[in-house]
Amino acid sequence: RHVRFSQSILAGLPAKLRHARTHCHAHAQPHAMATFTGREWRLAQADDPANVSIDAWYMDDSSEDQRLPHKLEPNQPVSPSALRKLGVLYWKMDADAYETDERLAAIRKLRNYSWMEILTVSKDTLPNYEEKIKTFYEEHIHDDEEIRMIMDGSGFFDVRDHDDKWIRIHCKKGDLIVLPEGIYHRFTLDEGNCAKAMRLFVGEPVWTPYNRPQEEHASRKKYLAQFGPK
């Protein structure tokens, strides 16, 4: 049995999914745009926050090494449900089986993540490492979702909450995270100093960061309209 997008379903999906381009990168695999099975739909749904186990907490304001945890004393954890309210989606994946993983294929098909690459962020593997790390840690937004699956190693994604406080999300092997278009965020390695990640994108990738402030940017306004305080 196949499922077709209704207008209500389309309204809740990324704009690029609703109006996707047909260009493909060498890594891309073509995916059906409007038809998928009920099983694919179920497999592609983000994990229920009630069943998610991922470490997240409010950060201190220390200027020490960005790779440190930067937890408050006492620690103030942030629940998966609170992250979902900010628009952050999460899936627990089998990183070792990505080439044949039915769930990953369903996620890519449903959300139209046609472009993929695997990148290792470490001093030994990433050209212009020091410059890239500084760029990743500048607070910014994108005009697309940011989609990452950690294949090995670990790192921190930091996102702003509605009170402009930093929340640190510790992503490890098998964690697939989607940050919504327009959310203020940044990334850094942790003390392990290495993260191998899959980057997914709708259509041809555009990695343009728009550093804060971006309150007048269309993507920021869109984010606040969808996920901002009500």
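Ala, Val, Leu, Ile, Met, Phe, Trp, Tyr, Cys and Pro are counted here as nonpolar, Asp, Glu, Lys and Arg as charged, and the others, Gly among them, as polar. The model is predicted, so that local features need pLDDT of at least 70 and side-chain atom pairs pLDDT 80 or more, whereas totals for chains, interfaces and linings use all residues. Residues are numbered from 1 along each chain as its sequence is written, and side-chain values use heavy atoms, without hydrogens and water.

Two cavities of 30 Å³ or more are present in the structure; a cavity is a set of points on a 1 Å grid over the protein atoms alone where a 1.4 Å probe fits but cannot get out, and its lining residues have an atom within 4 Å of a point. The largest cavity holds about 90 Å³, volume being the space filled by probe spheres set on the points, which are joined across faces, edges and corners. Its lining comprises 10 nonpolar, no polar and two charged residues, and Ile-169 is one of them. Helix H4 (80–85) contributes three residues, the largest share; helices (H or I, at least four residues) and strands (E, at least two) are DSSP runs numbered from the N terminus.

The second largest cavity, of about 50 Å³, is lined by three nonpolar, one polar and four charged residues.

Ile-169 of strand E8 is the bridge partner of Ala-56. Strands E3 (residues 55–58) and E8 pair antiparallel over four bridges, pairing requiring at least two DSSP bridges. Seven bridges join E8 to the antiparallel strand E7 (residues 146–160). Six of the seven residues of E8 (residues 166–172) are buried, that is, under 20% relative accessible area (1.4 Å probe, protein chains only).

Conventions
On a 1 Å grid over the protein atoms alone, a cavity is a set of points where a 1.4 Å probe fits but cannot get out, and a pocket is an open set with protein on both sides within 12 Å along at least five of seven lines; lining residues have an atom within 4 Å of a point. Buried means under 20% relative accessible area, exposed over 50%, partly exposed in between (1.4 Å probe, protein chains only).
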